[in-house]
Amino acid sequence: MISAREHEAKEVTYTLKTASEAAVKIWPTNGDFYFDLQLGPTGFYTTGKVKFGDTFLTLASIPAYSEYLAASFAHQLFSVWKEHSEKSSSEEKAAERSQFNVLECGAGNGDLCVNILAVISRMSASFPQWADFFSVIQYHIVEISPALVDRQREKTERFNEKVHIHQGDATNLAAIFPEEKMSAVFSVELVDMFRVEEVEVNGGSKVLGLAVPMIDLIAGEPYIKEAGLDLKELIRKTIEYQNMLDVFNQNKAIYFKTPPDEEQSFTPIYLSGEDFFKLHKVYVRENDPNQKVFAIGHAQVDISFCPPLADFFKRHPHYGKSEGLIYPCLGILPFMQSVKSVLTAGGHVITVDYGETFTEMGWGYTTFGSTAAKAAHGNTKPGNNPDADPGFIDITTHVDYSLVADSGREVGLSVLHYGELPQMLPPNADINKMLTPSDRNSYVDRARNFKVLVQTNAIAADSPTRFFGGSKKVYSAEVIEEKKQKNMRK
Ligand SMILES: C[S@@+](CC[C@H](N)C(=O)[O-])C[C@H]1O[C@@H](n2cnc3c(N)ncnc32)[C@H](O)[C@@H]1O
(Lines give C-alpha, C1' and ligand atoms only; values in the text may rest on other atoms or scores of the structure.)
Protein backbone atom coordinates (compact mmCIF):
# COMPACT_ATOMS: atom_id res chain seq x y z
CA MET A 1 0.00 0.00 0.00
CA ILE A 2 1.24 3.47 -0.79
CA SER A 3 1.95 5.62 2.28
CA ALA A 4 0.70 9.20 2.70
CA ARG A 5 4.27 10.52 2.21
CA GLU A 6 4.76 8.51 -0.97
CA HIS A 7 1.41 9.67 -2.22
CA GLU A 8 2.45 13.27 -1.64
CA ALA A 9 5.61 12.67 -3.66
CA LYS A 10 3.53 11.23 -6.52
CA GLU A 11 1.42 14.36 -6.62
CA VAL A 12 4.29 16.57 -7.82
CA THR A 13 3.89 17.23 -11.52
CA TYR A 14 6.74 18.20 -13.75
CA THR A 15 7.24 19.73 -17.13
CA LEU A 16 10.54 19.03 -18.93
CA LYS A 17 11.75 22.45 -17.79
CA THR A 18 10.91 21.98 -14.10
CA ALA A 19 12.12 18.38 -14.18
CA SER A 20 15.43 19.58 -15.71
CA GLU A 21 15.77 22.30 -13.07
CA ALA A 22 15.21 19.74 -10.31
CA ALA A 23 17.41 17.08 -11.98
CA VAL A 24 20.53 19.24 -12.21
CA LYS A 25 20.36 19.70 -8.44
CA ILE A 26 20.04 15.95 -7.81
CA TRP A 27 22.34 14.41 -10.43
CA PRO A 28 25.84 15.26 -11.59
CA THR A 29 26.67 15.80 -15.23
CA ASN A 30 28.39 12.83 -16.87
CA GLY A 31 31.59 14.86 -16.84
CA ASP A 32 31.46 15.46 -13.07
CA PHE A 33 30.33 11.92 -12.34
CA TYR A 34 33.05 10.11 -14.28
CA PHE A 35 35.64 12.63 -13.09
CA ASP A 36 34.73 11.83 -9.46
CA LEU A 37 34.96 8.11 -10.15
CA GLN A 38 38.61 8.75 -10.92
CA LEU A 39 39.63 11.71 -8.81
CA GLY A 40 36.89 12.29 -6.23
CA PRO A 41 37.35 10.99 -2.66
CA THR A 42 36.39 7.44 -3.72
CA GLY A 43 38.08 7.59 -7.13
CA PHE A 44 40.22 4.96 -8.85
CA TYR A 45 43.29 7.21 -8.59
CA THR A 46 42.60 8.89 -5.25
CA THR A 47 42.22 5.59 -3.40
CA GLY A 48 45.31 4.17 -5.11
CA LYS A 49 43.26 1.31 -6.63
CA VAL A 50 45.17 2.00 -9.85
CA LYS A 51 48.13 -0.39 -10.06
CA PHE A 52 50.55 0.93 -12.67
CA GLY A 53 52.83 -1.62 -14.27
CA ASP A 54 50.72 -4.43 -12.83
CA THR A 55 47.02 -4.58 -13.72
CA PHE A 56 47.16 -1.14 -15.31
CA LEU A 57 49.71 -0.53 -18.03
CA THR A 58 50.72 2.87 -19.30
CA LEU A 59 53.57 3.50 -21.71
CA ALA A 60 55.63 4.97 -18.88
CA SER A 61 55.09 1.98 -16.61
CA ILE A 62 55.76 -0.87 -19.06
CA PRO A 63 59.46 -1.75 -18.61
CA ALA A 64 59.88 -2.73 -22.29
CA TYR A 65 59.00 0.82 -23.37
CA SER A 66 59.73 3.05 -20.41
CA GLU A 67 63.44 3.52 -21.15
CA TYR A 68 62.80 4.66 -24.72
CA LEU A 69 60.10 7.03 -23.51
CA ALA A 70 62.43 8.39 -20.84
CA ALA A 71 65.24 8.78 -23.39
CA SER A 72 62.87 10.73 -25.68
CA PHE A 73 62.07 13.16 -22.88
CA ALA A 74 65.69 13.37 -21.72
CA HIS A 75 66.72 14.25 -25.28
CA GLN A 76 64.00 16.89 -25.64
CA LEU A 77 64.66 18.49 -22.27
CA PHE A 78 68.39 18.54 -22.99
CA SER A 79 67.69 20.23 -26.36
CA VAL A 80 65.49 22.87 -24.73
CA TRP A 81 68.12 23.52 -22.06
CA LYS A 82 70.91 23.77 -24.66
CA GLU A 83 68.92 26.18 -26.77
CA HIS A 84 68.00 28.33 -23.79
CA SER A 85 71.48 28.46 -22.35
CA GLU A 86 73.14 29.13 -25.72
CA LYS A 87 70.79 32.01 -26.43
CA SER A 88 70.90 33.32 -22.88
CA SER A 89 71.04 37.05 -22.56
CA SER A 90 68.11 37.98 -20.35
CA GLU A 91 68.13 37.48 -16.59
CA GLU A 92 65.72 34.60 -16.83
CA LYS A 93 67.93 32.69 -19.23
CA ALA A 94 71.01 33.36 -17.11
CA ALA A 95 69.09 31.92 -14.15
CA GLU A 96 68.40 28.82 -16.19
CA ARG A 97 72.12 28.20 -16.39
CA SER A 98 72.23 27.66 -12.66
CA GLN A 99 68.85 25.99 -12.25
CA PHE A 100 66.71 24.45 -14.98
CA ASN A 101 63.19 23.77 -13.72
CA VAL A 102 61.06 21.17 -15.43
CA LEU A 103 57.59 20.08 -14.37
CA GLU A 104 55.79 16.80 -14.95
CA CYS A 105 52.04 16.89 -14.34
CA GLY A 106 50.33 13.66 -13.27
CA ALA A 107 53.22 11.30 -12.67
CA GLY A 108 51.55 7.97 -11.80
CA ASN A 109 54.06 5.85 -9.92
CA GLY A 110 56.92 8.25 -10.69
CA ASP A 111 58.40 5.91 -13.32
CA LEU A 112 59.03 8.55 -15.97
CA CYS A 113 60.71 10.88 -13.49
CA VAL A 114 63.13 8.32 -12.15
CA ASN A 115 63.85 6.96 -15.63
CA ILE A 116 64.51 10.41 -17.16
CA LEU A 117 66.92 11.30 -14.37
CA ALA A 118 68.63 7.90 -14.65
CA VAL A 119 69.12 8.42 -18.40
CA ILE A 120 70.55 11.93 -17.91
CA SER A 121 72.83 10.65 -15.18
CA ARG A 122 74.13 7.85 -17.44
CA MET A 123 74.70 10.30 -20.31
CA SER A 124 76.66 12.52 -17.91
CA ALA A 125 79.31 9.84 -17.58
CA SER A 126 80.23 10.14 -21.29
CA PHE A 127 79.25 13.67 -22.32
CA PRO A 128 80.40 16.77 -20.38
CA GLN A 129 77.47 18.86 -21.64
CA TRP A 130 75.06 16.30 -20.23
CA ALA A 131 76.93 16.47 -16.93
CA ASP A 132 76.33 20.24 -16.90
CA PHE A 133 72.68 19.61 -17.67
CA PHE A 134 72.38 17.05 -14.87
CA SER A 135 73.89 19.50 -12.39
CA VAL A 136 71.23 22.16 -13.05
CA ILE A 137 68.05 20.19 -13.69
CA GLN A 138 65.38 20.43 -10.97
CA TYR A 139 62.47 18.10 -11.55
CA HIS A 140 59.07 19.11 -10.16
CA ILE A 141 56.01 16.91 -10.11
CA VAL A 142 52.43 18.06 -9.55
CA GLU A 143 50.22 15.12 -8.69
CA ILE A 144 46.60 15.27 -7.58
CA SER A 145 46.30 11.87 -5.90
CA PRO A 146 47.71 11.69 -2.35
CA ALA A 147 48.13 7.90 -2.67
CA LEU A 148 50.25 8.37 -5.80
CA VAL A 149 52.29 11.18 -4.22
CA ASP A 150 53.41 8.65 -1.57
CA ARG A 151 54.43 6.13 -4.23
CA GLN A 152 56.28 8.81 -6.21
CA ARG A 153 58.22 9.94 -3.12
CA GLU A 154 59.34 6.39 -2.49
CA LYS A 155 60.24 5.65 -6.10
CA THR A 156 62.26 8.83 -6.67
CA GLU A 157 64.11 8.74 -3.35
CA ARG A 158 67.54 8.21 -4.87
CA PHE A 159 67.20 11.54 -6.71
CA ASN A 160 65.66 13.40 -3.78
CA GLU A 161 67.93 16.42 -4.20
CA LYS A 162 66.58 16.97 -7.68
CA VAL A 163 62.95 15.92 -7.30
CA HIS A 164 60.25 18.10 -5.72
CA ILE A 165 56.82 16.55 -5.44
CA HIS A 166 53.80 18.78 -4.87
CA GLN A 167 50.35 17.44 -4.20
CA GLY A 168 47.94 19.59 -6.19
CA ASP A 169 45.97 20.19 -9.33
CA ALA A 170 47.71 20.68 -12.67
CA THR A 171 44.84 22.91 -13.74
CA ASN A 172 45.77 25.38 -10.99
CA LEU A 173 49.55 25.57 -11.10
CA ALA A 174 49.76 29.25 -10.16
CA ALA A 175 48.58 28.31 -6.65
CA ILE A 176 51.49 25.86 -6.32
CA PHE A 177 54.16 28.02 -7.96
CA PRO A 178 53.29 31.65 -7.24
CA GLU A 179 56.79 32.73 -8.29
CA GLU A 180 58.86 29.87 -9.61
CA LYS A 181 58.86 29.41 -13.41
CA MET A 182 59.26 26.23 -15.45
CA SER A 183 61.26 25.88 -18.67
CA ALA A 184 59.34 22.79 -19.70
CA VAL A 185 55.97 21.47 -18.57
CA PHE A 186 55.07 17.99 -19.73
CA SER A 187 52.59 15.21 -19.22
CA VAL A 188 52.07 11.65 -20.41
CA GLU A 189 48.54 10.23 -20.46
CA LEU A 190 47.18 13.04 -18.30
CA VAL A 191 45.03 15.00 -20.73
CA ASP A 192 42.98 11.89 -21.65
CA MET A 193 41.49 11.93 -18.15
CA PHE A 194 40.36 15.56 -18.03
CA ARG A 195 36.67 16.30 -17.50
CA VAL A 196 34.63 15.52 -20.61
CA GLU A 197 30.92 16.18 -20.98
CA GLU A 198 28.61 14.08 -23.13
CA VAL A 199 26.47 16.15 -25.48
CA GLU A 200 23.92 14.95 -27.97
CA VAL A 201 23.48 17.19 -30.98
CA ASN A 202 20.16 16.72 -32.70
CA GLY A 203 19.18 19.21 -35.37
CA GLY A 204 19.30 22.59 -33.67
CA SER A 205 19.26 21.27 -30.12
CA LYS A 206 22.13 20.29 -27.87
CA VAL A 207 21.51 18.34 -24.73
CA LEU A 208 23.82 17.40 -21.91
CA GLY A 209 23.97 13.99 -20.22
CA LEU A 210 23.41 13.72 -16.46
CA ALA A 211 24.33 10.50 -14.66
CA VAL A 212 21.41 8.84 -12.88
CA PRO A 213 22.88 6.14 -10.66
CA MET A 214 20.92 3.16 -9.34
CA ILE A 215 21.63 0.41 -6.88
CA ASP A 216 20.03 -3.03 -6.90
CA LEU A 217 17.69 -3.48 -3.94
CA ILE A 218 18.94 -7.00 -3.18
CA ALA A 219 22.67 -6.93 -4.03
CA GLY A 220 22.95 -3.39 -2.67
CA GLU A 221 21.35 -4.00 0.70
CA PRO A 222 24.57 -4.67 2.66
CA TYR A 223 26.12 -1.48 1.21
CA ILE A 224 23.03 0.55 2.12
CA LYS A 225 23.19 -0.72 5.72
CA GLU A 226 26.93 -0.20 5.99
CA ALA A 227 26.64 3.37 4.67
CA GLY A 228 24.00 4.14 7.30
CA LEU A 229 21.39 5.08 4.69
CA ASP A 230 17.71 4.56 5.41
CA LEU A 231 16.22 2.09 2.92
CA LYS A 232 12.69 3.43 3.36
CA GLU A 233 13.86 6.94 2.64
CA LEU A 234 15.71 5.72 -0.46
CA ILE A 235 12.52 4.02 -1.67
CA ARG A 236 10.53 7.19 -1.05
CA LYS A 237 13.03 9.18 -3.09
CA THR A 238 12.97 6.51 -5.82
CA ILE A 239 9.23 7.05 -6.27
CA GLU A 240 9.78 10.80 -6.43
CA TYR A 241 12.63 10.41 -8.93
CA GLN A 242 10.67 7.94 -11.05
CA ASN A 243 7.92 10.49 -11.30
CA MET A 244 10.44 13.02 -12.53
CA LEU A 245 12.16 10.57 -14.86
CA ASP A 246 8.81 9.73 -16.45
CA VAL A 247 8.90 13.23 -17.89
CA PHE A 248 12.35 12.57 -19.35
CA ASN A 249 11.10 9.25 -20.66
CA GLN A 250 8.14 10.86 -22.38
CA ASN A 251 10.52 13.34 -23.99
CA LYS A 252 12.96 10.57 -24.90
CA ALA A 253 15.53 12.34 -22.75
CA ILE A 254 16.57 9.35 -20.73
CA TYR A 255 18.63 6.34 -21.73
CA PHE A 256 20.69 3.63 -20.13
CA LYS A 257 24.22 3.06 -21.19
CA THR A 258 24.58 -0.22 -19.36
CA PRO A 259 21.20 -1.63 -18.56
CA PRO A 260 21.46 -4.46 -16.09
CA ASP A 261 21.86 -7.89 -17.76
CA GLU A 262 18.52 -9.15 -18.88
CA GLU A 263 18.87 -12.48 -17.07
CA GLN A 264 19.80 -10.78 -13.85
CA SER A 265 16.92 -9.44 -11.83
CA PHE A 266 17.81 -5.91 -10.86
CA THR A 267 15.34 -3.92 -8.78
CA PRO A 268 16.54 -0.38 -9.17
CA ILE A 269 16.66 2.11 -6.39
CA TYR A 270 17.36 5.49 -7.97
CA LEU A 271 20.05 7.44 -6.18
CA SER A 272 20.92 11.10 -6.00
CA GLY A 273 24.57 11.86 -6.80
CA GLU A 274 25.17 12.49 -3.10
CA ASP A 275 23.68 9.15 -1.96
CA PHE A 276 25.53 7.30 -4.73
CA PHE A 277 28.89 8.55 -3.47
CA LYS A 278 28.00 7.64 0.14
CA LEU A 279 27.37 4.09 -1.05
CA HIS A 280 30.36 4.14 -3.34
CA LYS A 281 32.61 4.81 -0.36
CA VAL A 282 31.57 1.47 1.11
CA TYR A 283 31.62 -0.24 -2.29
CA VAL A 284 35.25 0.63 -3.08
CA ARG A 285 36.23 -0.67 0.35
CA GLU A 286 34.32 -3.93 0.22
CA ASN A 287 33.56 -4.65 -3.39
CA ASP A 288 33.02 -8.19 -4.56
CA PRO A 289 34.04 -7.77 -8.21
CA ASN A 290 31.61 -10.42 -9.48
CA GLN A 291 28.58 -8.75 -8.12
CA LYS A 292 26.56 -6.27 -10.15
CA VAL A 293 25.47 -3.63 -7.70
CA PHE A 294 25.14 -0.40 -9.65
CA ALA A 295 23.65 0.59 -13.00
CA ILE A 296 23.94 4.05 -14.48
CA GLY A 297 21.18 5.73 -16.44
CA HIS A 298 21.46 9.08 -18.14
CA ALA A 299 18.93 11.90 -18.37
CA GLN A 300 19.42 14.76 -20.79
CA VAL A 301 18.93 18.47 -20.14
CA ASP A 302 19.54 21.52 -22.28
CA ILE A 303 23.22 22.63 -22.31
CA SER A 304 22.24 26.03 -20.94
CA PHE A 305 22.18 24.30 -17.53
CA CYS A 306 25.96 23.99 -17.77
CA PRO A 307 27.37 27.49 -18.44
CA PRO A 308 30.97 26.36 -19.14
CA LEU A 309 29.61 24.03 -21.83
CA ALA A 310 27.40 26.68 -23.37
CA ASP A 311 30.51 28.90 -23.43
CA PHE A 312 32.55 26.08 -25.04
CA PHE A 313 30.16 25.92 -28.02
CA LYS A 314 30.28 29.68 -28.42
CA ARG A 315 34.09 29.60 -28.54
CA HIS A 316 34.23 26.51 -30.77
CA PRO A 317 31.15 26.67 -33.00
CA HIS A 318 32.40 23.85 -35.21
CA TYR A 319 32.26 21.33 -32.43
CA GLY A 320 28.47 21.36 -32.49
CA LYS A 321 28.09 20.78 -36.23
CA SER A 322 28.16 16.99 -36.34
CA GLU A 323 25.01 15.16 -35.28
CA GLY A 324 24.93 12.57 -32.53
CA LEU A 325 27.00 12.18 -29.38
CA ILE A 326 30.10 14.30 -28.95
CA TYR A 327 32.44 14.67 -26.00
CA PRO A 328 33.79 18.18 -25.48
CA CYS A 329 36.65 18.24 -23.02
CA LEU A 330 36.21 21.12 -20.59
CA GLY A 331 39.49 20.45 -18.79
CA ILE A 332 41.85 21.47 -21.58
CA LEU A 333 41.46 25.26 -21.50
CA PRO A 334 42.01 25.52 -17.71
CA PHE A 335 45.08 23.29 -18.11
CA MET A 336 46.51 25.52 -20.85
CA GLN A 337 45.85 28.65 -18.78
CA SER A 338 47.46 27.02 -15.79
CA VAL A 339 50.54 25.85 -17.70
CA LYS A 340 51.02 29.24 -19.34
CA SER A 341 51.01 30.92 -15.90
CA VAL A 342 54.15 29.05 -14.81
CA LEU A 343 56.06 28.90 -18.10
CA THR A 344 59.31 30.83 -18.66
CA ALA A 345 59.49 33.00 -21.78
CA GLY A 346 60.31 30.52 -24.54
CA GLY A 347 59.40 27.58 -22.32
CA HIS A 348 57.99 24.40 -23.86
CA VAL A 349 54.81 22.46 -23.15
CA ILE A 350 55.08 18.81 -24.21
CA THR A 351 51.91 16.72 -24.24
CA VAL A 352 52.06 12.99 -24.94
CA ASP A 353 48.87 10.99 -25.19
CA TYR A 354 46.71 8.93 -27.50
CA GLY A 355 44.42 10.99 -29.69
CA GLU A 356 44.03 12.67 -33.05
CA THR A 357 43.31 16.00 -34.62
CA PHE A 358 39.70 17.13 -34.94
CA THR A 359 39.39 15.89 -38.54
CA GLU A 360 41.05 12.55 -37.93
CA MET A 361 38.92 11.93 -34.90
CA GLY A 362 35.55 12.76 -36.43
CA TRP A 363 34.29 12.28 -32.86
CA GLY A 364 33.66 8.63 -33.61
CA TYR A 365 36.58 7.33 -31.61
CA THR A 366 36.01 9.38 -28.57
CA THR A 367 34.45 7.52 -25.75
CA PHE A 368 34.32 7.07 -22.06
CA GLY A 369 36.25 4.03 -21.05
CA SER A 370 37.32 1.07 -22.99
CA THR A 371 37.90 2.08 -26.60
CA ALA A 372 40.64 4.57 -25.91
CA ALA A 373 42.32 2.24 -23.47
CA LYS A 374 42.03 -0.62 -25.92
CA ALA A 375 43.54 1.38 -28.74
CA ALA A 376 46.39 2.57 -26.62
CA HIS A 377 47.25 -0.49 -24.61
CA GLY A 378 45.82 -3.36 -26.63
CA ASN A 379 43.69 -3.96 -23.56
CA THR A 380 41.01 -6.42 -24.51
CA LYS A 381 40.01 -7.33 -20.98
CA PRO A 382 36.26 -7.90 -21.00
CA GLY A 383 34.17 -5.69 -18.80
CA ASN A 384 36.44 -2.67 -19.13
CA ASN A 385 33.38 -0.48 -19.05
CA PRO A 386 33.19 2.67 -16.96
CA ASP A 387 29.72 1.86 -15.65
CA ALA A 388 30.30 -1.81 -14.92
CA ASP A 389 32.58 -1.52 -11.94
CA PRO A 390 32.72 2.14 -10.97
CA GLY A 391 35.81 3.19 -9.09
CA PHE A 392 37.81 0.15 -10.21
CA ILE A 393 38.60 1.11 -13.78
CA ASP A 394 40.24 3.84 -15.76
CA ILE A 395 37.95 6.19 -17.70
CA THR A 396 39.49 8.11 -20.56
CA THR A 397 38.82 9.80 -23.86
CA HIS A 398 41.00 10.19 -26.91
CA VAL A 399 42.69 13.56 -26.78
CA ASP A 400 41.43 16.05 -29.33
CA TYR A 401 44.76 17.61 -30.27
CA SER A 402 43.13 20.37 -32.31
CA LEU A 403 41.37 21.46 -29.14
CA VAL A 404 44.64 21.41 -27.19
CA ALA A 405 46.28 23.50 -29.93
CA ASP A 406 43.30 25.91 -30.17
CA SER A 407 43.03 26.31 -26.39
CA GLY A 408 46.77 26.93 -26.25
CA ARG A 409 46.44 29.62 -28.91
CA GLU A 410 43.68 31.25 -26.85
CA VAL A 411 46.16 31.76 -24.01
CA GLY A 412 49.15 32.67 -26.19
CA LEU A 413 50.88 29.32 -26.79
CA SER A 414 51.79 28.46 -30.34
CA VAL A 415 52.44 25.05 -31.84
CA LEU A 416 56.02 24.06 -32.51
CA HIS A 417 55.44 20.47 -33.45
CA TYR A 418 52.83 17.75 -33.69
CA GLY A 419 53.56 14.19 -34.67
CA GLU A 420 53.84 10.59 -33.62
CA LEU A 421 55.68 9.91 -30.40
CA PRO A 422 58.64 7.97 -31.91
CA GLN A 423 59.69 11.17 -33.72
CA MET A 424 60.58 12.59 -30.34
CA LEU A 425 63.74 10.51 -30.36
CA PRO A 426 65.56 11.12 -33.67
CA PRO A 427 67.76 8.11 -34.58
CA ASN A 428 70.85 10.34 -34.87
CA ALA A 429 70.72 11.62 -31.28
CA ASP A 430 73.69 10.77 -29.01
CA ILE A 431 71.37 9.16 -26.56
CA ASN A 432 70.57 6.28 -28.92
CA LYS A 433 74.02 4.86 -28.23
CA MET A 434 72.99 3.77 -24.78
CA LEU A 435 69.71 2.13 -25.85
CA THR A 436 69.22 -1.45 -26.99
CA PRO A 437 68.74 -1.26 -30.78
CA SER A 438 66.60 -4.41 -30.88
CA ASP A 439 64.06 -2.89 -28.49
CA ARG A 440 63.64 0.17 -30.64
CA ASN A 441 61.34 -1.54 -33.15
CA SER A 442 58.90 -2.78 -30.56
CA TYR A 443 58.89 0.62 -28.86
CA VAL A 444 58.26 2.36 -32.18
CA ASP A 445 55.39 -0.04 -32.96
CA ARG A 446 53.68 0.70 -29.67
CA ALA A 447 54.53 4.39 -29.41
CA ARG A 448 53.14 5.10 -32.87
CA ASN A 449 49.66 5.09 -31.30
CA PHE A 450 50.69 8.08 -29.21
CA LYS A 451 51.07 11.66 -30.36
CA VAL A 452 53.28 14.43 -29.13
CA LEU A 453 52.36 18.09 -29.25
CA VAL A 454 54.90 20.77 -28.41
CA GLN A 455 53.77 24.31 -27.72
CA THR A 456 55.70 27.37 -26.72
CA ASN A 457 55.03 30.91 -25.67
CA ALA A 458 57.90 32.11 -27.85
CA ILE A 459 56.98 33.37 -31.30
CA ALA A 460 56.75 30.18 -33.34
CA ALA A 461 58.59 31.51 -36.38
CA ASP A 462 61.53 32.28 -34.14
CA SER A 463 61.65 28.85 -32.57
CA PRO A 464 63.54 26.03 -34.16
CA THR A 465 61.76 22.75 -34.75
CA ARG A 466 65.05 20.94 -35.03
CA PHE A 467 64.28 18.76 -32.02
CA PHE A 468 62.20 16.51 -34.19
CA GLY A 469 62.60 14.61 -37.42
CA GLY A 470 59.42 15.85 -39.05
CA SER A 471 56.67 18.27 -38.37
CA LYS A 472 52.98 18.26 -39.05
CA LYS A 473 50.74 21.25 -38.55
CA VAL A 474 47.80 21.12 -36.22
CA TYR A 475 45.19 23.30 -37.81
CA SER A 476 42.56 25.01 -35.74
CA ALA A 477 39.02 23.68 -35.97
CA GLU A 478 38.01 26.77 -37.95
CA VAL A 479 40.67 26.18 -40.58
CA ILE A 480 39.69 22.52 -40.84
CA GLU A 481 36.05 23.46 -41.36
CA GLU A 482 36.97 25.98 -44.05
CA LYS A 483 39.08 23.37 -45.83
CA LYS A 484 36.23 20.89 -45.67
CA GLN A 485 33.78 23.41 -47.11
CA LYS A 486 36.23 24.25 -49.90
CA ASN A 487 36.68 20.56 -50.77
CA MET A 488 32.93 20.06 -50.83
CA ARG A 489 32.49 22.99 -53.21
CA LYS A 490 35.15 21.57 -55.58
C1 LIG B 1 46.69 7.88 -16.58
S2 LIG B 1 47.73 8.38 -15.28
C3 LIG B 1 49.30 8.49 -16.10
C4 LIG B 1 50.44 8.44 -15.14
C5 LIG B 1 51.82 8.50 -15.75
N6 LIG B 1 52.05 9.76 -16.43
C7 LIG B 1 52.02 7.35 -16.71
O8 LIG B 1 52.01 7.60 -17.93
O9 LIG B 1 52.18 6.22 -16.23
C10 LIG B 1 47.31 10.07 -14.98
C11 LIG B 1 48.05 10.68 -13.80
O12 LIG B 1 47.66 12.05 -13.68
C13 LIG B 1 47.22 12.33 -12.35
N14 LIG B 1 46.25 13.45 -12.48
C15 LIG B 1 45.03 13.42 -13.04
N16 LIG B 1 44.47 14.64 -13.04
C17 LIG B 1 45.37 15.47 -12.47
C18 LIG B 1 45.39 16.85 -12.21
N19 LIG B 1 44.35 17.63 -12.51
N20 LIG B 1 46.48 17.37 -11.63
C21 LIG B 1 47.56 16.59 -11.32
N22 LIG B 1 47.59 15.27 -11.54
C23 LIG B 1 46.52 14.71 -12.12
C24 LIG B 1 46.68 10.98 -11.89
O25 LIG B 1 46.53 10.87 -10.52
C26 LIG B 1 47.74 10.05 -12.46
O27 LIG B 1 48.92 10.08 -11.70
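The buried residues of helix H14 (residues 332-342) pack against helix H9 (173-176), strand S4 (182-188), strand S11 (343-356) and helix H17 (401-411). In this predicted model, H14 is mostly covered, with eight of its eleven residues buried. Those buried residues are Ile332, Leu333, Phe335, Met336, Ser338, Val339, Lys340 and Val342.

Of the 490 residues in the protein chain, 46% are buried.

The axes of H4 and helix H6 (residues 111-126) come within 8 Å and cross at roughly 65°. An angle of 65 to 115 degrees counts as roughly perpendicular, and H4 and H6 are therefore roughly perpendicular to each other. Their crossing is right-handed. On the H4 side, the contact is made by Ser66, Glu67, Leu69, Ala70, Ala71, Phe73 and Ala74. On the H6 side, Asp111, Leu112, Asn115, Ile116, Val119 and Ile120 take part. Sorted by class, the residues of this contact are nine nonpolar, two polar and two charged.

H6 can also be looked at by itself. The 16 residues of H6, at 1.5 Å a residue, should span 22 Å, and the end C-alpha atoms of H6 are 24 Å apart, which agrees. The buried residues of H6 are Asp111, Leu112, Cys113, Val114, Asn115, Ile116, Leu117, Val119, Ile120 and Met123.

H4 has a further partner in helix H18 (residues 437-447). H4 and H18 pack at an angle of about 85°, and their axes are 9 Å apart. That angle makes H4 roughly perpendicular to H18. In this contact Ala64, Tyr65 and Tyr68 of H4 meet Asp439, Arg440, Ser442, Tyr443, Arg446 and Ala447 of H18. By class, the contact of H4 with H18 has five nonpolar, one polar and three charged residues.

Another helix pair is formed by helix H2 (residues 16-26) and helix H11 (residues 231-250). H2 and H11 pack at an angle of about 125°, with their axes 10 Å apart. An angle of that value makes H2 oblique to H11. The crossing of H2 and H11 is left-handed. Leu16, Ala19, Ala22 and Ala23 in H2 meet Met244, Val247 and Phe248 in H11. The contact of H2 with H11 consists of seven nonpolar residues, with no polar and no charged ones.

At 1.5 Å a residue, the 20 residues of H11 should span 28 Å, and the end C-alpha atoms of H11 are 28 Å apart, which agrees. The buried residues in H11 include Met244, Val247 and Phe248, which are the H11 residues that meet H2. Thr238, Tyr241 and Leu245 of H11 are buried as well. H11 is followed by Lys252, which has a positive phi, near 50°.

The last stop is helix H12 (residues 273-286), where Gly273 lies. Gly273 and Pro28 are 245 residues apart in sequence, yet their C-alpha atoms are 6.0 Å apart in space. Leaving aside residues up to four places away in sequence, Gly273 touches Ile26, Trp27, Pro28 and Phe33. Is Gly273 buried, exposed or partly exposed? Gly273 has 18 C-beta neighbours inside 10 Å, so Gly273 counts as partly exposed.

Glu274 also lies in H12. With 10 C-beta neighbours inside 10 Å, Glu274 counts as exposed, because a residue is exposed if 12 or fewer other C-beta atoms lie within that distance. Glu274 and Ile26 are 248 residues apart in sequence and 7.8 Å apart in space, C-alpha to C-alpha. Ile26 is also one of the residues that Gly273 touches.

Notes
Residues numbered from 1 in each chain as written. Predicted model: local features only at pLDDT ≥ 70, side-chain atom pairs only at ≥ 80, totals over all residues. Axes fitted to C-alpha atoms, helices over the stretch in contact; angles between N-to-C directions. Helix = DSSP H or I, 4+ residues; strand = E, 2+ residues; numbered from the N terminus. Parallel < 35°, antiparallel > 145°, perpendicular 65-115°, else oblique. Left-handed = near helix turned anticlockwise from the far one by under 90°. Contact = placed C-beta atoms within 7 Å. Nonpolar A, V, L, I, M, F, W, Y, C, P; charged D, E, K, R; others polar. Expected span 1.5 Å × (residues − 1). Buried ≥ 20, exposed ≤ 12 C-beta atoms within 10 Å, placed from the backbone.
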